[in-house]
2 protein chains.
Amino acid sequence: MAPSRNERPLARSIPLGPGREFDLIRELVARWGPLAEGIGDDAAILPPVEGSVVLSTDTSVEGVHFRRDWLSPREIGLRAAAAALSDLAAMAAEPVGVLLALSIPERWLRDVGDLADGVADAVGEADTRILGGDVTRAAELAICVTVVGSAAAPLTRAGARPGDAVYVTGALGGPLSAVRAWQRGDRPAAAHRERFAHPRPRIQEARWLAAHGARAAVDISDGLVADLAHVARASGVRIVLEAERIPRVDGVGWREAAASGEEYEVAVTAGDPLDAPEFAERFGMPLTAIGRVRAGEPGVEVTLAGERVAAPGGWDHFS
Amino acid sequence: MAPSRNERPLARSIPLGPGREFDLIRELVARWGPLAEGIGDDAAILPPVEGSVVLSTDTSVEGVHFRRDWLSPREIGLRAAAAALSDLAAMAAEPVGVLLALSIPERWLRDVGDLADGVADAVGEADTRILGGDVTRAAELAICVTVVGSAAAPLTRAGARPGDAVYVTGALGGPLSAVRAWQRGDRPAAAHRERFAHPRPRIQEARWLAAHGARAAVDISDGLVADLAHVARASGVRIVLEAERIPRVDGVGWREAAASGEEYEVAVTAGDPLDAPEFAERFGMPLTAIGRVRAGEPGVEVTLAGERVAAPGGWDHFS
């Protein structure tokens, strides 16, 4: 008879066979401690969850999503895991765990421990765990993170309806401003660098928003306008943003705030007004109404002082 | 209110926003057709499954797991997906779907369609579907496949008990023989190349084995001896293989068969004898008893004509 889940508790790490690859896995599992208890079989067995299981996969690649001279290895690990976890926030899902596939160049081997610590930082901040993974040799560092969550009623991009208000959490523009500073050879403002280096997936915030009436959601990974364009197309609606309302970190203009990607804030639409003061008190950050959903050709437009202006584009890895 | 799963059926692809990255995703989704219906939100919503959800993630990297001059783009896509699906076979799980994260260099862009067709081949052969994914630019091609399955009673590596017999499906040695031929500058035997280029995860076979009494399982990705070493350590047992019983493809010796990785056959242990003739009739391939599980120091040893011989190692990406 096959062993049931109860006969092989997840809360016990499984010894692996010999070999350098497995030594590395063992080192990572030891380093992660309780965050990674039980990993090491061919596949992970998910604990039972309530509601729907939601899943997303996301790869961060050196030279595309980050540069080693901009961030520490620990920050790189944190960002990769936080970016993936943010997709759970976009569905208003609760994290169940992550799977981590590391492609590691020789030159990165000495920093893998720090990278793993960064992954653990994000996994711990999201109050979840590492379910399994894979390590392989490669010529460039790539971190493929698959996140698993559960949600009684997942939010999607397709739920926006004409008449909805559009909201966004937090304040935008920091990551793009930091990247532009690095690209110019400058040092970014500390607050902008922090927004780039240490994103915080809005998991609890998104669940609160869903529970209070949000009916479509997206996380800001490509830029506010670019990501709301996904909502507009998936929902078959037009979204009109008011440039002056877009919440900005200090020192950036609205265009930079609207174009900045890798924010990992959440934008939602809701038919009834959301209680922004209660949100702000609960989560210590603003929730800002930035526009409206209308019937019309699917897309996003931006107005400034009542006149339509060109909408800034977002981040596109192939452009 | 949040849209429920029923309000947004999975069987409808969700339009994405503008941009070249999304054009590529759209092209892939169109190419996959019904295999990828409904993908495109921040995360995939899993259909309800019976039993436990099992998950595994696996990355195939150009130059590590394959070389472009050995295989067609379509074969490369198929192998990456088949390798990941094989981890479900190792758990005796039924596939629910796959998530695909593609890291694509510029030079690969023209072949992404063929690569995607190969992924679809493996997904179709496993009678499953594509749940979601991610594409990003990169300097080297990496295919990160996360597989999701369900199993009432997943098989693990930890279930072997002293006295069990050890079985393996199929015939081994083809992939290693093919790789060695390429490395020598030769053309591999057609049958060996086929074993490397078109692995077939033993999903139905493993479910049959679990239903008929197998109690530990592993898929042969690193090599028979290397993978059984995982079972030995996870179960805390000693595994003794008889070299002359290891099933071999034509033209390879037992050492090559025992060391050959990326076979994607399945090895199991069972307390009561398994019905090999019935298995062979049902699946058109052999099921071979190759050794025994004993109490003792965890590990694998090999005997030949009753005398202990050195056990060949397996594939280790960092060795």
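Modeller: Burial is judged by relative accessible area: buried means under 20%, exposed over 50%, and partly exposed in between, with a 1.4 Å probe and protein chains only. This is a predicted model, in which local features need pLDDT of at least 70 and side-chain atom pairs count only at pLDDT 80 or more, while totals for chains, interfaces and linings use all residues. Residues are numbered from 1 along each chain as its sequence is written, chains are lettered from A and ligands numbered from 1 in the order in which they are written, and side-chain values use heavy atoms, leaving out hydrogens and water.

Biologist: How many salt bridges are found over all chains?

Modeller: A salt bridge is a side-chain nitrogen of Lys or Arg within 4 Å of a carboxyl oxygen of Asp or Glu. The search of the whole structure gives 42.

Biologist: Which parts does the pair A:E262 and A:R79 tie together?

Modeller: Helices (H or I, at least four residues) and strands (E, at least two) are DSSP runs, numbered from the N terminus. The side chains of A:E262 and A:R79 form a salt bridge at 2.6 Å, N to O. A:E262 lies in the loop between α8 (254–259) and β9 (266–270) of chain A and A:R79 in helix α2 (residues 73–90), so the pair joins parts 183 residues apart in sequence. A:E262 is buried at 9%, and A:R79 is buried at 8%.

Biologist: Is A:R180 buried or partly exposed?

Modeller: A:R180 is partly exposed, with a relative accessible area of 38%. Its salt-bridge partner is A:E256, at 3.3 Å, N to O; A:E256 is buried, at 16%.
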